[in-house]
Amino acid sequence: MSGCFTSWSNSPMTGADHGNDPLPPRVVEALRCSVCASPLKSVERTLRCSAGHSFDLARQGYVNLLHARIPAGTADTAPMVAARADFLASGACRPLADELARVCAEADGLVIDAGAGTGYYLAHVLESAPAALGLALDVSAVALRRAARAHPRLGAAVWNLWEPWPVGDEVASAVLNVFAPRNGPEFHRVLRPGGLLTVAAPAPDHLRELGDLVLSVDERKEERLDGTLGEYFARTGRTEVRRTTELSPRQIRQAVEMGPTAFHLDRGDRRSRLDALSEPQAVTVSFTVSTYRRL
Ligand SMILES: C[S@@+](CC[C@H](N)C(=O)[O-])C[C@H]1O[C@@H](n2cnc3c(N)ncnc32)[C@H](O)[C@@H]1O
Ligand SMILES: [Zn+2]
């Protein structure tokens with residue numbers, strides 16, 4: 001893909017629609033107690049296992065299954081999430097959302113988005129896969145407040161992806177992983193045999209015109225990705241989603257503030273250079289989408 005794109009309307013995602021249950025019942029069926037791994041049941045405003053462990057459902061519609069502290073700098077913060085939501089709403093990454101929806105269109109069961117953030121990509125996938133439902137996992141409760149409302153067939157749970165996931169074996173038909181931590185053994189365990197894993201990553205030329213305003217992308221990432229997943233998965237495809245687009249100063253700030261660079265903004269002169277931006281700039285937005293089948 002190449003060329004410039006201007007504005008894309010935000011898709012008409014509505015709020016959650018599963019009766020009085022904040023999470024779709026079929027999503028609850030796939031979840032497990034994060035203390036003892038037993039199945040969970042929805043009881044009033046909690047999820048409970050038979051051993052009596054109980055997890056509150058937040059008013060905003062997600063469940064927090066964490067019971068350990070998370071190191072600072074792991075979860076996306078409120079300003080990062082706000083920047084990401086605004087940047088995505090501008091349509092700047094819509095071609096990637098369309099590509100993910102295309103490759104996942106056959107998904108007919110549970111789609112788990114590992115590191116789902118605001119749920120933008122998972123909601124697009126669910127729109128194109130009418131028989132699917134989604135589970136958004138992320139360690140950022142702030143992000144999941146938005147994810148929980150991103151689509152009627154989506155449920156959201158706060159969890160640290162580096163720990164064994166609070167999800168049953170072979171419950172998912174697809175796993176989605178977009179710029180987020182990759183836990184190969186857990187991808188494999190939760191996917192049913194033959195299930196689809198889709199990984200999106202920034203390409204080396206992503207945002208290259210912004211220079212050191214953004215942290216650089218490791219050029220050998222793809223090679224390493226295949227290496228880490230090779231034990232559990234066979235790669236079935238890889239596409240590039242690449243455009244040059246004009247970003248406003250506001251969009252450029254959001255693109256920087258929503259990513260890992262946000263944790264280093266006050267180092268050097270990044271902040272003052274960002275604040276000084278006044279002109280739109282043509283910027284490369286470039287991703288790779290790799291698909292794998294569970295062996
Ligand atoms: C770059 S953002 C991508 C979010 C989303 N996939 C998107 O593209 O809009 C990375 C996400 O991974 C989450 N994350 C980082 N480390 C995590 C961990 N150990 N467990 C769960 N989520 C994590 C962050 O909170 C953040 O929402
Ligand atoms: Zn339990």
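This is a predicted model: local features need pLDDT of at least 70, side-chain atom pairs count only at pLDDT 80 or more; totals for chains, interfaces and linings use all residues.
Q: What makes Met 80 and Arg 84 contacts of Gly 259?
A: Contact means heavy atoms within 4.5 Å. Leaving aside neighbours within four places in sequence, Gly 259 is in contact with Met 80 and Arg 84. The C-alpha atoms of Gly 259 and Met 80 are separated by 7.0 Å, although the two residues are 179 apart along the chain. Gly 259 itself is found in the loop between α8 and α9; helices (H or I, at least four residues) and strands (E, at least two) are DSSP runs, numbered from the N terminus.

Q: Why is Gly 259 called buried?
A: Buried means under 20% relative accessible area, exposed over 50%, and partly exposed in between (1.4 Å probe, protein chains only). Gly 259 has a relative accessible area of 10%, so the residue is buried.

Q: Which residues of helix α8 are buried, and what do they pack against?
A: In α8 (residues 249-257), the buried residues are Pro 249, Gln 251, Ile 252, Gln 254, Ala 255 and Val 256. They pack against α2 (78-89), β10 (233-247), α9 (270-276) and β11 (281-294).

Q: Why is the pair Asp 86 and Arg 250 called a salt bridge?
A: A salt bridge is a side-chain nitrogen of Lys or Arg within 4 Å of a carboxyl oxygen of Asp or Glu. The side chains of Asp 86 and Arg 250 meet at 3.6 Å, N to O, and form a salt bridge. Asp 86 lies in helix α2 and Arg 250 in helix α8, so the pair ties together parts that are 164 residues apart in sequence.

Q: Are Asp 86 and Arg 250 buried, partly exposed or exposed, and how do you know?
A: Asp 86 has a relative accessible area of 37%, and is therefore partly exposed. Arg 250 stands at 53% relative accessibility, so this residue counts as exposed.

Q: Which other salt bridges are there, and how many does the rule give?
A: The count comes to 16 salt bridges. Among them is that of Asp 269 with Arg 273, at 3.1 Å, N to O. Another joins Glu 209 to Arg 208, with the closest N and O atoms 3.7 Å apart. Asp 169, Glu 186 and Arg 189 are linked in a network of salt bridges. Asp 269 is partly exposed at 41%, as is Arg 273 at 30%.

Q: What makes Asp 113 a buried charge without a partner?
A: Lys and Arg count as positive and Asp and Glu as negative; His and the chain ends are not counted. For Asp 113, which is buried, the nearest side chain of opposite charge is Arg 84, 10 Å away, and there is no salt bridge. Asp 113 sits in strand β5 (residues 110-114). Beyond residues up to four places away in sequence, Asp 113 touches Leu 122, Leu 135, Ala 136, Leu 137, Leu 176 and Asn 177.

Q: How do you know that the side chain of Gln 281 reaches the backbone oxygen of Glu 209?
A: A polar contact is a pair of N or O atoms within 3.5 Å; within protein, one must be able to donate a hydrogen and the other to accept it, and residues adjacent in sequence count only if both atoms are side-chain atoms. The side chain of Gln 281 comes to 3.4 Å from that oxygen of Glu 209. Gln 281, found in strand β11, is partly exposed at 26% relative accessible area.

Q: Why is Ser 286 called buried?
A: Its relative accessible area is 2%, so Ser 286 is buried. Ser 286 also lies in strand β11.

Terms used: Residues are numbered from 1 along each chain as its sequence is written. Chains are lettered from A and ligands numbered from 1 in the order in which they are written. Side-chain values use heavy atoms; hydrogens and water are left out.
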